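Trainee: Could you walk me through a structure today? I would like to ask questions as we go.

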Amino acid sequence: MRFGLVGTGPWARLTHGPGLRAAPDAELVGVWGRDAGRTAAIAADLEVPPYGDYAELLESVDAVAFAVPPKVQASMALEAAAVGKHLLLEKPVADSLADARALADEAADEGIASVVFFTHRFEPPTRKFFAEVEAKGGWRGGWSRMLAALDAPGNPFTDSPWRREQRGALWDVGPHALSNLTAMLGPITDLTAVGGAGELVHLVVRHESGATSTASLALFVPPAGSNFETGIWGESGTAIMPDTDVPAVESYQVAVQELVAAAESGESHPVDVAFGTRVVELLAAAEEQLNAAR
């Protein structure tokens with residue numbers, strides 16, 4: 001399958017581009033970015049042509065991989081979906097519920113395949129953990145703690161403007177938390193959001209199974225306070241999602257392969273744009289609650 005890459009930032013350079021080049025059954029044919037110089041540089045590194053015209057890139061590919069901010073992704077992915085291109089998306093799929101729903105509807109109307117790169121859903125050790133959790137059953141609750149230090153020295157994402165918005169933590173690490181909690185405890189019905197100091201957000205989440213879970217989210221904690229842990233408890237005891245050293249580029253290769261498989265089979269992927277839109281629905285509900293409390 002011929003892929004085009006949209007984006008020239010750190011995630012595109014470190015993960016998307018190399019992952020697309022290495023994935024079986026995928027051919028990276030070009031890169032488009034808003035800055036011509038950066039586009040030329042990453043294209044040279046990946047040994048593919050740079051494109052100055054997005055429409056021209058779309059004409060050359062079967063699928064598009066996005067590594068751009070949510071607002072940019074929503075509009076550009078909608079354009080790609082409208083001409084029948086399969087979508088490999090980043091989370092969140094959009095920064096507004098209306099845009100996410102429009103994209104999901106267009107993908108459904110066009111009958112295209114889509115995958116959203118929720119990183120942990122494509123890591124082999126984490127997938128094994130999720131499968132074991134599902135097989136045991138009897139779980140009553142869980143938690144996700146995602147406290148990041150975006151300004152820690154050497155963090156490649158420190159210059160990302162959209163992550164520095166008031167809702168940055170909710171919309172950046174929040175999708176991962178909701179995806180992981182869904183994988184462990186099943187579909188989410190609703191949630192309650194409470195704001196903490198700065199951009200800290202706490203979520204209380206209710207699942208269709210009757211289980212409840214919590215998530216604590218922040219991007220600008222002191223480096224010494226940075227902490228990530230996801231766990232579950234119930235009749236089988238307590239289980240902690242494993243830390244993994246799987247490089248993101250390897251997980252991205254899995255996502256690429258599974259998008260190709262979904263396109264060939266016509267079957268929906270478990271974390272497709274419809275699931276991504278459900279996550280945006282939950283994020284939008286949380287944001288509405290947080291705004292109302294200010």
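Trainee: At what angle do helix α8 and α10 pack, and how far apart are their axes?

Mentor: Helix α8 (residues 174-185) packs against α10 at about 115°, and the axes are 10 Å apart. Helices here are DSSP runs of H or I with at least four residues, strands are runs of E with at least two, and both are numbered from the N terminus. Axes are lines fitted to C-alpha atoms, for helices over the stretch in contact, with angles from 0 to 180 degrees between N-to-C directions. Before we go on, note that this is a predicted model, in which local features need pLDDT of at least 70 and side-chain atom pairs count only at pLDDT 80 or more, while totals for chains, interfaces and linings use all residues. Residues are numbered from 1 along each chain as its sequence is written, and side-chain values use heavy atoms, with hydrogens and water left out.

Trainee: Which residues make the contact between α8 and α10?

Mentor: On the α8 side they are Gly-174, Pro-175, Leu-178, Ser-179 and Thr-182, and on the α10 side Phe-275, Val-279, Leu-282 and Leu-283, where contact means heavy atoms within 4.5 Å. Phe-275 also has the charged end of Arg-121 over its ring, 5.5 Å from the centre; this is counted if NZ of Lys or CZ of Arg is within 6 Å of the ring centre and within 35 degrees of the ring normal.

Trainee: Switching to sheets, what is the strand order in the parallel one?

Mentor: The order of this open sheet of six strands is β3-β2-β1-β4-β5-β6, with parallel pairing. β3 (50-51) and β6 (114-116) are at the edges with a single partner strand each, so one side of each has no neighbour in the sheet. Two strands pair if DSSP finds at least two bridges between them, and β1 (residues 2-6) and β2 (residues 27-32) have five, with Leu-5 bridged to Val-31 in β2.

Trainee: And which strands stand at the edges of the mixed sheet?

Mentor: That open sheet, also of six strands, runs β8-β9-β10-β7-β11-β12. Its edges are β8 (188-195) and β12 (237-240), each with a single partner strand, so one side of each lacks a neighbour in the sheet. The twist averages 15° from one strand to the next. Helix α10 (residues 273-293) packs on this sheet, touching β8 and β9 (201-207), and its direction makes about 35° with that of β8.

Trainee: How many aromatic pairs does a search of the whole structure find?

Mentor: The search finds six, where rings of Phe, Tyr and Trp (its six-membered ring) pair if their centres lie within 6.5 Å, and planes under 30 degrees apart count as stacked, over 60 as edge-to-face and the rest as tilted. One of them is the edge-to-face pair of Phe-117 and Tyr-252, with 4.9 Å centre to centre and 85° between the planes. Phe-117 lies in the loop between β6 and α6 (124-136) and Tyr-252 in helix α9 (residues 248-265), 135 residues apart.

Trainee: Is Phe-117 buried or exposed?

Mentor: Phe-117 is buried, with a relative accessible area of 0%, and Tyr-252 is buried too at 1%. Buried means under 20% relative accessible area, exposed over 50%, and partly exposed in between (1.4 Å probe, protein chains only).

Trainee: Last one: where does Ala-23 lie?

Mentor: Ala-23 lies in the loop between α1 (10-22) and β2, and its C-alpha atom is separated by 6.6 Å from that of Gln-257, 234 residues apart along the chain.
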